[in-house]
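Work through the exercises below with the model open. Try each task before reading its solution.

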Amino acid sequence: MGRLREQMIADLALADYAESTRRIYLSAIRNFAVELGRSPASATREEIRRYVTSLRERCGSPSRFRQHLAAIKFLYGRTLGRPQDISFIVFPGLTPKLPTVLSVQEVGAVLGALKQPTYSAVATTIYATGMRVTEACTLETRDIDAARGVIKVRHGKGRKERFVPLSPCLLKMLRRHWRQEHPESPHLFSAPVARGAARAPTICRAVKQAGKDAGLSKRVTPHVLRHSFATHQLEAGVDIRIIQAMLGHSSIRSTSRYTHVSIQQLQQARSLLNELPR
């Protein structure tokens with residue numbers, strides 16, 4: 001599917017999809033082509049339907065299933081211009097899950113277990129600002145505004161820009177990292193081995209391993225550090241609307257889920273046992 005792949009790559013770029021989303025979509029369509037045994041461009045509506053039906057059982061998680069559906073819808077709706085062939089596709093709902101949150105002590109243990117300087121610097125930046133891992137990896141030196149105490153996130157989800165806080169402590173750490181590691185310009189964090197910016201998948205693997213090395217039973221990822229940032233900000237009394245802006249959430253509903261995992265807010269509930277007659 002070489003020609004079709006190139007056309008889809010061009011369409012994804014034209015639609016300004018994030019690099020990570022492009023990789024996921026192309027991988028999903030490649031799997032479809034392998035299963036089909038030929039180019040998806042020649043697939044009939046019934047063949048697409050059978051493949052989608054089998055995907056529901058094979059994908060495992062609902063989120064992964066939705067990713068495959070989105071890729072198929074993009075291919076036939078945008079690249080091939082055949083929306084009628086996938087009109088039967090309906091995205092399944094996702095069961096809301098509470099985010100995993102680390103305590104301040106657990107965060108410290110994870111960051112302390114990261115011995116590679118760049119991995120440690122990226123993970124620390126994620127926890128200190130609430131950035132997504134891809135946002136932190138693509139930071140450039142021009143994004144640091146030391147005078148105003150902010151970092152400009154230019155590669156946010158949906159290509160939305162925003163500002164996140166730059167504390168004096170984080171600024172000191174970043175300057176020390178710059179002096180010691182000399183990252184490849186214009187990147188703030190360079191890949192330790194390959195050229196270019198730090199790679200999100202590499203940071204994810206490093207943080208996951210750091211969680212294990214720190215002896216935590218929780219599954220630790222960069223996004224867990226982001227969840228922990230939001231929850232700890234809420235527990236510190238920061239207004240939820242400000243947290244929403246720092247995280248780059250379009251809806252307050254996305255941010256409000258942290259109220260369900262805030263220990264301090266839960267502890268404000270009255271103990272009904274004290275009201276029982278003795």
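**Exercise 1. Describe how helix H6 packs against helix H8.**

Step 1. Locate the helices: H6 covers residues 117-129 and H8 residues 168-181. Helices are DSSP runs (H or I, at least four residues), and strands are runs of E (at least two), numbered from the N terminus.

Step 2. Take the geometry. The angle is about 160° and the axes are 11 Å apart. Axes are lines fitted to C-alpha atoms, for helices over the stretch in contact, and angles run from 0 to 180 degrees between N-to-C directions.

Step 3. Classify. H6 and H8 are therefore roughly antiparallel (angles over 145 degrees; under 35 is roughly parallel, 65 to 115 roughly perpendicular, the rest oblique). Their crossing is left-handed (the near helix is turned anticlockwise from the far one by less than a right angle; clockwise is right-handed).

Step 4. List the contacts (heavy atoms within 4.5 Å). H6 contributes Pro117, Thr118, Ala121, Thr124, Thr125, Ala128 and Thr129. H8 contributes Leu170, Met173, Leu174, His177 and Glu181.

The model is predicted: local features need pLDDT of at least 70, side-chain atom pairs count only at pLDDT 80 or more, and totals for chains, interfaces and linings use all residues. Residues are numbered from 1 along each chain as its sequence is written, and side-chain values use heavy atoms, with hydrogens and water left out.

**Exercise 2. Characterise the aromatic pair of Phe32 and Tyr51.**

Step 1. Search the whole structure: four aromatic pairs turn up. Rings of Phe, Tyr and Trp (its six-membered ring) pair if their centres lie within 6.5 Å; planes under 30 degrees apart are stacked, over 60 edge-to-face, the rest tilted.

Step 2. Phe32 and Tyr51 are stacked, at 4.4 Å centre to centre with 25° between the planes.

Step 3. Phe32 lies in helix H2 (residues 19-36) and Tyr51 in helix H3 (residues 45-58), so the pair ties together parts 19 residues apart in sequence.

Step 4. Both Phe32 and Tyr51 are buried (under 20% relative accessible area; exposed is over 50%, partly exposed in between; 1.4 Å probe, protein chains only).

**Exercise 3. Describe the surroundings of His232.**

Step 1. His232 sits in helix H10 (residues 222-235).

Step 2. Its relative accessibility is 15%, so His232 counts as buried.

Step 3. Set aside neighbours within four places in sequence. His232 then contacts Val101, Leu102, Ser103, Val104, Val107 and Tyr127.
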